[in-house]
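Me: I would like to learn how to read a few features of a structure. Please take them one at a time, with the general idea before the case.

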Amino acid sequence: MSWFRKPSDAPLWRDEFSVYTADERYVNRRQFTKFLTLTSFGMMVGNLWILAKSTLRRQPSFPPVTVAALDEIPVGGVKTFHYPASDDPCILVRTAAETYVAYSQKCTHLSCAVYYEKEQNRLECPCHQGFFSIADGSVLQGPPQRPLPRVTLRKEAGQLVAIRIEGESV
Amino acid sequence: MNGRPPQSRGLTAIDGAMVLIVVLLIVQIWLLSATLESYLAGHRDVAVPGAIISAVLFAACFCLYRFVDRIDSEVRKG
């Protein structure tokens with residue numbers, strides 16, 4: 001038996017479709033209230049889902065992954081890759097002949113993909129005009145509150161290898 | 001005292017309860033969107049208070065629904 005209906009000998013249709021016109025106002029209000037209560041239940045389930053996702057999240061592992069060859073991209077050039085998982089987009093930028101930086105490509109505001117703005121030498125999130133420093137990923141301007149997670153790179157036999165990611169990603 | 005018929009008084013009580021439920025629901029929708037936004041921004045510590053408050057709001061809505069249901073059956077029987 002449903003929580004939403006008391007045990008009764010009367011058939012359900014008598015509860016839901018009154019034969020008296022005056023009772024219709026009650027039936028309509030009760031049904032609307034039931035709809036609102038079920039909507040409230042849905043909202044609670046949403047919050048519980050977020051709680052479950054937060055609690056059950058595993059600590060990511062950081063396997064070494066080759067990102068690019070040292071001379072693969074020109075100075076000022078960009079390459080995107082995924083690290084540490086296949087659904088974690090990252091962006092690699094060659095800022096000088098010997099300098100490479102890599103960050104998570106997910107904006108720390110609402111996870112839009114950031115891109116490198118070469119003229120201003122900064123990373124930009126096009127969704128809400130958030131700007132990040134290319135030097136350390138810190139926020140320069142806009143709604144993001146936290147810096148971009150930085151990918152630690154190691155040069156190994158002419159290759160750039162990602163070995164871990166610093167800072168919490170979404 | 002109140003000279004209105006029980007049918008009319010019952011409707012007033014139900015309308016009041018419905019308004020309360022709507023207000024609680026608006027708060028709950030805001031709470032869900034705020035918790036989701038914080039979660040996506042990486043602030044996972046808000047998930048627990050968000051879930052607890054949402055459960056309390058649902059419990060309040062459910063109690064109000066039971067109240068409406070009781071008024072409804074009392075008035076329609078009587």
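**Contacts, cores and strands**

Reply: In chain B, 68% of the contacts with a separation of 6 or more are between residues 24 or more positions apart; two residues are in contact if their C-beta atoms, placed from the backbone, lie within 7 Å. This is a predicted model, in which local features need pLDDT of at least 70 and side-chain atom pairs count only at pLDDT 80 or more, while totals for chains, interfaces and linings use all residues. Residues are numbered from 1 along each chain as its sequence is written, and chains are lettered from A and ligands numbered from 1 in the order in which they are written.

Me: How many helices and strands does the secondary structure of chain B come to?

Reply: Helices (H or I, at least four residues) and strands (E, at least two) are DSSP runs, numbered from the N terminus. Chain B has two helices and zero strands.

Me: Which classes of residue are on the side of chain A that touches chain B?

Reply: Ala, Val, Leu, Ile, Met, Phe, Trp, Tyr, Cys and Pro count as nonpolar, Asp, Glu, Lys and Arg as charged, and the others, Gly among them, as polar. The contact involves 29 residues of chain A and 35 residues of chain B. On the chain A side, twelve are nonpolar, ten polar and seven charged.

Me: Why does A:Y100 count as partly exposed?

Reply: A residue is buried if 20 or more other C-beta atoms lie within 10 Å of its own, exposed if 12 or fewer, and partly exposed in between; the C-beta atoms are placed from the backbone. A:Y100 is partly exposed because it has 18 C-beta neighbours inside 10 Å. A:Y100 sits in strand β4 (residues 99–104) of chain A. Beyond four places in sequence, A:Y100 has contacts with A:L92, A:R94, A:L153 and A:L160. Between A:Y100 and A:L160, 60 residues apart along the chain, the C-alpha separation is 8.8 Å.

Me: Which residues of the largest nonpolar core touch the most other members?

Reply: In soluble globular proteins, nonpolar side chains tend to be buried together. A nonpolar core is a set of buried Ala, Val, Leu, Ile, Met, Phe, Trp, Tyr and Cys residues joined through C-beta atoms within 7 Å. The largest one has 21 residues, and A:C90, A:I91, A:A102, A:Y103, A:V114, A:L123 and A:V151 touch the most other members. Two or more residues each come from β3 (89–96), β4, β6 (122–125) and β10 (159–166) of chain A. β3(A) gives the largest share, four residues. Another core, of 17 residues, lies apart from this one and includes A:Y26, B:L31, B:L32 and B:L57.

Me: What is the strand order of the open sheet of four strands?

Reply: Strands of a sheet pair through backbone hydrogen bonds, either parallel or antiparallel. Two strands pair if DSSP finds at least two bridges between them. The order here is β5-β6-β7-β8 of chain A, with antiparallel pairing. The edge strands, each pairing on one side only, are β5 (115–117) and β8 (139–141). Within the sheet, β6(A) and β7 (residues 130–133) are joined by four bridges, and A:C125 is opposite A:G130.

Me: How many bridges join β9(A) to β10(A)?

Reply: Seven bridges join these antiparallel strands, and A:K155 has A:L160 as its bridge partner in β10(A). Their hairpin has two residues between the strands, and A:A157 takes a positive phi near 50 degrees. β9 (residues 150–156) also runs antiparallel to β4(A), with two bridges; there, A:R150 is the bridge partner of A:Y103.
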